[in-house]
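Hi everyone, thanks for coming along. Let me put the structure up, and then I'll walk you through a few places in it.

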Amino acid sequence: MGLSLKLSSLCTIIILSMALFSDLKPADSASPDYTNLIYKGCARQQFSDPSGLYSQALSAMYGSLVTQSTKTKFYKTTTGTTSQTTITGLFQCRGDLSNNDCYNCVSRLPVLSGKLCGKTIAARVQLSGCYLLYEIAGFAQISGMEMLFKTCGKNNVAGTGFEERRDTAFGVMQNGVVSGHGFYATTYESVYVLGQCEGDVGDSDCSGCIKNALEKAQVECGSSSSGQIYLHKCFIGYKYYPNGVPKGPSSPSSSSGSSVSSSSGKTVAIIVGGTAGLGFLIICLLFVKNLMKKKYDDY
C-alpha cells in the first residue's frame, strides 16, 4: 500500500512538471540576424535649421521610407518645401529578406541614424539586412566604385584549395547578379557568396561594380575564410564553411555552422526527453487506472 501511494505521488509530480514545462521551446539560434550594425557614415557638417524645415523634411523622408519598406525592397524619395531644404533619401533591403523582415530592418534605421549621426547633412547606416542613405541637395557626390567599408574574417585557410573555390564562386555570383537584376546568392563547394547592387543601378553598371568589389575582396581579404566589401553602389560577401554550408537562410554575416549544430543537439535532446516523458506518463496513467479498478473491486 505504501509503495502504491509513493508511486501515485511520483506520477502526480511528473504529470504536473510536464504540464508546466510543455510550452518551453528552444531558441532558434540558426536564424540570421539581419539587424546587426555593419557600419555608419556621417557627414561632419550639421544642419543649420533655425526654422525647423530641415527637421520636418527629414522626418517626412523617414516616414515615407519606413512605410514603403512593407511593399518593396528598394525605395528612393525626395522631400522638402524649398530647394534649400530638399533631402533625398533611400533604403534598400537584402534581396532574400521577406517584406516583413525588410520592414523590421528599415524601421530601426531612423532611430539609429539619429543616435549615430545626429542631424548631419548626409548619413548612411548599414545593417546586415538593409541600409539607409540620405543627403541634402547639393551634397558632394562620390564614385559608385568607392569603397566605404570592408571586413575580413580572422581565420586564414590558405593552402586548402579555398582560393580556387572562392574565385569560382565569385564568377558564378557575378553572372548571377546580372541575370538576377541586382541580387544573387549561391553556394559553390562550401563557399556561400552574396552580391547586391543599389536598386536604381542598371545591369551593366551592376556587373562592373560587383566585379570591382570581388577584386577588392581578393586583395583586401586574401585567404580569409570570410569577407564583406561595401562600395557606394554595391556590396558583396562570402563565407567558407569547411563542413558544408548549413541548411536554411544564411548570409556571410550569419551564425557559423557550429552554432547550428548546437541548436540541433538541443532539439534532439528535447525530442528524446519528451518521448521518455510521454512513455512514463502512459505508465502512470495505466497504474492509476489499475489502482482505481482495484478500489472499485474492493467495494
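**A walk through the chain**

Let's start at Ser113, which, once neighbours within four places in sequence are set aside, is in contact with Tyr62, Gly118, Ala123, Val125 and Tyr134; contact means heavy atoms within 4.5 Å. Before I go on, a word on where this comes from: this is a predicted model, local features need pLDDT of at least 70, side-chain atom pairs count only at pLDDT 80 or more, and totals for chains, interfaces and linings use all residues. Residues are numbered from 1 along each chain as its sequence is written, and side-chain values use heavy atoms, with hydrogens and water left out.

Back to Ser113, then, which sits in helix α4 (residues 109-117). Helices here are DSSP runs of H or I with at least four residues, strands are runs of E with at least two, and both are numbered from the N terminus. Is Ser113 buried or exposed? Its relative accessible area is 0%, so Ser113 is buried. For the cut-offs, buried means under 20% relative accessible area, exposed means over 50%, and partly exposed is in between, with a 1.4 Å probe and protein chains only. The C-alpha atoms of Ser113 and Gly41 are separated by 9.5 Å, and these two residues are 72 apart along the chain.

Now let me zoom out. The chain has seven helices and ten strands, and buried residues make up 38% of its 299 residues. Taking contacts between residues at least 6 apart in sequence, 65% of them join residues at least 24 apart.

On to charges. Side chains of opposite charge can pair when their charged atoms come close. I'm calling it a salt bridge when a side-chain nitrogen of Lys or Arg is within 4 Å of a carboxyl oxygen of Asp or Glu. How many salt bridges does a search of the whole structure find? It finds six, and I'll show you some of them.

One joins the side chains of Lys76 and Asp200, at 3.4 Å from N to O. This pair links distant parts of the chain, 124 residues apart: Lys76 is in strand β2 (residues 74-79), while Asp200 is in the loop between β8 and α6 (203-221). Lys76 counts as partly exposed because its relative accessibility is 41%, and Asp200, at 38%, is partly exposed too.

Another is formed by Glu220 and Lys150, with the closest N and O atoms 2.6 Å apart. Here helix α6, which holds Glu220, is linked to strand β6 (residues 147-152), which holds Lys150, and the two residues are 70 apart. Glu220 has a relative accessible area of 34%, so it is partly exposed; Lys150, at 37%, counts as partly exposed as well.

Then there is Arg166 with Asp167, whose closest N and O atoms are 2.9 Å apart. Arg166 counts as buried because its relative accessibility is 4%, whereas Asp167, at 32%, is partly exposed.

Next, please look at Arg165 in helix α5. Arg165 is buried yet has no salt bridge. Which side chain of opposite charge is nearest to Arg165? That is Glu189, 4.3 Å away; in this count Lys and Arg are positive and Asp and Glu negative, with His and the chain ends left out. The side chain of Arg165 does reach the backbone oxygen of Thr160, at 2.8 Å. Beyond four places in sequence, the contacts of Arg165 are Thr160, Tyr188, Glu189, Val191 and Tyr240.

Glu189 counts as partly exposed because its relative accessibility is 46%.

His181 is also a residue other than glycine with a positive phi, near 55°. You'll find His181 in the loop between α5 (162-179) and β7 (183-188). Is His181 buried or exposed? Its relative accessibility is 62%, so His181 counts as exposed.

That's the end of my tour, so please send your questions my way!

Key:
Polar contact = N/O pair within 3.5 Å; in protein donor to acceptor, adjacent residues only side chain to side chain.
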